[in-house]
Amino acid sequence: MELRSVLFMAGCALALAACSGKPADSSVKTAAAPAPASTAALHGDFGPPQGEPIHAVLGIPPNVPPPLNRNYPAKVIVDLEVIEKDMPISEGVTYTYWTFGGTVPGSFIRVRQGDTVEFHLKNAPDSKMPHNIDLHGVTGPGGGAASSFTAPGHESQFTFKALNAGVFVYHCATAPVGMHIANGMYGLILVEPPEGLPKVDHEYYVMQGDFYTTGKYREKGHQPFDMDKAIDERPTYVLFNGHEGSITGDHALTAKVGETVRLFVGNGGPNLVSSFHVIGEIFDKVYYEGGKHAQENVQTTLIPAGGAIMAEFHLDVPGSYVLVDHSILRAFNKGAMGILKVDGPENKAIYSGKEVDSVYLGDRAEPNLKAVAVAADAHASGKLSKEDQIAAGKQLFTGTCSVCHQDNGQGLPGVFPPLAKSDYLAKQNREHLIGIPLHGLTGKINVNGKDYDSVMPPMMQLTDDEVANILTYVLNSWDNPGGQVSKEEVAKVRAQPAAAPTAEH
Ligand SMILES: [Cu+2]
């Protein structure tokens, strides 16, 4: 008992010293060394809350609430409402999400070590399910789950003291737990150390999650949750911030050359571990596992399901930096991609190369894929026009076909045949033409008087309507003969064995 109280006193002294107005360092690289570890610093009970209760400012992803700049423990009231709602998961695809605060991930919560948190969890009246919350930053059985079970239209309340500093995942823990998490029920809570975090120019909030739909990746329309795929850990989507395009194009994260950035990156799972990487950047510091220690000069960091990290870096060169899960098919074929867009002057001494193009960004090189969603809506309401298909096909062509056939359809002489004014393309029957993207193409062909004997790989990842839109775009571009390909036609050809090409000369 005596030893405990001595340690406790020491903790107060240390905390006060740490908060005695020493200005936060403005540079990540030269941040002051952390205070020496002590039991008090690890277990931050700095006594009863002081001052008036404070209502927590919540961060809507990708934004983080501002630093607290507070040097005493307070009572902090957190109000969070569970909302079940349909939102787009990709262009033209909707999904029924269960959310903390209406977004995936849920609202970002920021408190100070030693704070007493009074948590109010509401469940919206139109919810169909009961929900609760398990915060990994809570010391106590279930992390709050048992105390926060909340039926639709009800509210529950519990209180905890934030004893440990760090960045922690919270999630719903109502049965079936995997389904609640798969539907988007996770977020982050940051418990700032008493002295706060070093000052940076930008803080952003990103969270990875895996999603399981009955349809294929980017299959249009409303897609229900697929429990079998979830149990088998075969996600249809792996996403940052809950939907494709949440942090690309118009929604990209932004910064300027010379600035510092801190990313709070969590992984909601439910199943996958993330190999988080930013293409073209090296993290100056990663607080791995969301804890107290930092590793320096990191390329890729592991984020377990139900875990989080803090990554800090500074920006030397302008351009697009691509956030990915470096389990790379998840990035290029399941959606796990985001962009940090950095503006500012070139620095040729550090990097002389060119900006990343569609090779890395794929169709995400487009500012948005709105035309794809418009075409999907038009198809659903039976009003799909050729123009809708051409517009959608143009966006999808970028990064899919343009990698080889080039944006202008000219191909590369002797390597990739042109699609522009291609006599080969013009004389194919429908089945064979549709079969080219579905089954690929090999063997000797002649296009506009030149021989090609190469291999085009099958693009079986594309959905029927994507193939239909791309081919309609190709047929109506670059002096090709025109025409329209429907999703239904593609489905028919997909079901058949590969058709023979029209006779060659
Ligand atoms: Cu839930």
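In the predicted model, helix α11 (residues 430-439) packs against helix α13 (residues 487-495) at an angle of about 75 degrees, and the two axes lie 9 Å apart. The helices α11 and α13 are therefore roughly perpendicular to each other, since angles of 65 to 115 degrees fall in that class. On the α11 side, the contact is formed by Arg430, Glu431, Ile434, Gly435, Leu438 and His439. Helix α13 contributes Glu489, Val490, Val493 and Arg494. Classed by residue type, the contact of α11 with α13 comprises four nonpolar, two polar and four charged residues.

The chain as a whole contains 13 helices and 23 strands. Of its 505 residues, 51% are buried. Among contacts in the chain with a separation of 6 or more, 70% are between residues 24 or more positions apart.

In soluble globular proteins, nonpolar side chains tend to be buried together. The largest nonpolar core in the model has 29 residues, and Ile89, Leu188, Phe211 and Phe264 have the most contacts inside it. Two or more residues of this core come from each of the strands β2 (75-90), β3 (93-100), β8 (166-171), β9 (186-192), β10 (202-211), β12 (237-240) and β19 (307-314), and from helix α3 (177-182). The core draws on two domains, with at least three residues from each of domain 1 (54-194) and domain 2 (204-346 + 361-365). Another core, of 27 residues, lies apart from the largest one; its members include Val265, Val286, Phe313 and Tyr321.

Two loop positions were also examined. Gln50 is located in the loop between α2 (39-42) and β1 (54-55). With a relative accessibility of 39%, Gln50 counts as partly exposed, because this class covers values between 20% and 50%. Leaving aside residues up to four places away in sequence, Gln50 touches Tyr72, Pro73 and Ala74. Of these contacts, the pair Gln50 and Tyr72 is separated by 22 residues in sequence and by 6.8 Å in space, C-alpha to C-alpha.

Gly291 occupies the loop between β16 (283-287) and β17 (295-298). The relative accessible area of Gly291 is 28%, so this residue is partly exposed. Gly291 and Phe168 are 123 residues apart in sequence, with a C-alpha to C-alpha distance of 8.8 Å.

Methods: Residues numbered from 1 in each chain as written. Predicted model: local features only at pLDDT ≥ 70, side-chain atom pairs only at ≥ 80, totals over all residues. Heavy atoms only, no water. Axes fitted to C-alpha atoms, helices over the stretch in contact; angles between N-to-C directions. Helix = DSSP H or I, 4+ residues; strand = E, 2+ residues; numbered from the N terminus. Parallel < 35°, antiparallel > 145°, perpendicular 65-115°, else oblique. Contact = heavy atoms within 4.5 Å. Nonpolar A, V, L, I, M, F, W, Y, C, P; charged D, E, K, R; others polar. Core = buried A, V, L, I, M, F, W, Y, C linked by side-chain atoms within 4.5 Å. Buried < 20%, exposed > 50% of the residue type's maximum accessible area, 1.4 Å probe, protein only. Domains from an automatic or database assignment.
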